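Here is a set of questions and answers on a protein chain.

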Amino acid sequence: MSITEDLMRGKAWIESALKKGGNTHNFKDIVDGVMSGDFQLWMGSNGCAVTEIVVYPNKKVLHVFLAGGDKGYGIHQITDMHDDAITWGKHQGCIGMTVTGRRGWKKILEPKGWSEQFTTLLKEF
């Protein structure tokens, strides 16, 4: 399957996750980012995730900023991608991964060695 076909197959998952994530991006932004190589699309049979490599002055990390999937199984599909994403990130020179998402991710990711570093809050006006 081509990357364009994967994006179209994951469109509903991506758009649903974008709505829950504060509307920082739209679907076209994700498509443009994936096509340019700035974002990476991780597709599974029941869900997908979008990552980006973030380069700080003292480290480089693979950041998961979007994840979505079928109701009931999507979250498991996404965590199934965990080890492959870590391996890929290491090959890109990343020394870690970060994730932005709802607090429920803490419960899901703690068994895989993740810990909560900080919580992001927002006040819109």
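Q: Is K106 buried, partly exposed or exposed?
A: This is a predicted model, and the state of a residue is read from its computed relative accessible area. Buried means under 20% and exposed means over 50%. K106 has a relative accessible area of 38%, so K106 is partly exposed.

Q: Which residue forms a salt bridge with K106?
A: Side chains of opposite charge can pair when their charged atoms come close. The closest N and O atoms of the pair that includes K106 are 3.4 Å apart. K106 lies in helix α6 (104-109), and its partner is ten residues away in the segment after α6. That partner is E116.

Q: How many salt bridges does a search of the whole structure find?
A: One is formed by E116 with K106. Another is formed by D32 with K28, where the closest N and O atoms are 2.7 Å apart. The count from the search of the whole structure is two.

Q: In which helix do D32 and K28 both lie?
A: An α-helix has 3.6 residues a turn, so residues three or four places apart point the same way. D32 and K28 are four residues apart, about one turn of the helix. D32 is partly exposed at 38% relative accessibility, while K28 is exposed at 54%. The helix that holds both is α3.

Q: How wide an arc do the buried residues of α3 cover around the axis?
A: The buried residues of α3 are F27, I30, G33 and V34. They lie on the same side of α3, because the arc they cover is only 130°.

Q: Which element supplies the largest share of the largest nonpolar core?
A: This core has 14 residues, and L7, I14, I30, L41, V50 and L66 touch the most other members. At least two residues each come from α2 (11-20), α3 (27-36), β1 (39-43), β2 (47-55) and β3 (60-69). The largest share is four residues, and the element that supplies them is α2.

Q: How many disulfides does the structure hold?
A: A disulfide needs two cysteine sulfur atoms within 2.5 Å. The sulfur of C94 is 20 Å from the closest cysteine sulfur, in C48, so the two are too far apart for a bond. C48 is in no disulfide. The number of disulfides is zero.

Q: Are C48 and C94 buried or exposed?
A: C48 has 0% relative accessibility, and C94 has a relative accessible area of 8%. Both values are under 20%, so C48 and C94 count as buried.

Key: Residues are numbered from 1 along each chain as its sequence is written. This is a predicted model: local features need pLDDT of at least 70, side-chain atom pairs count only at pLDDT 80 or more; totals for chains, interfaces and linings use all residues. Side-chain values use heavy atoms; hydrogens and water are left out. Buried means under 20% relative accessible area, exposed over 50%, partly exposed in between (1.4 Å probe, protein chains only). A nonpolar core is a set of buried Ala, Val, Leu, Ile, Met, Phe, Trp, Tyr and Cys residues joined through side-chain atoms within 4.5 Å. The arc is that of the directions from the helix axis to the C-beta atoms. A salt bridge is a side-chain nitrogen of Lys or Arg within 4 Å of a carboxyl oxygen of Asp or Glu.
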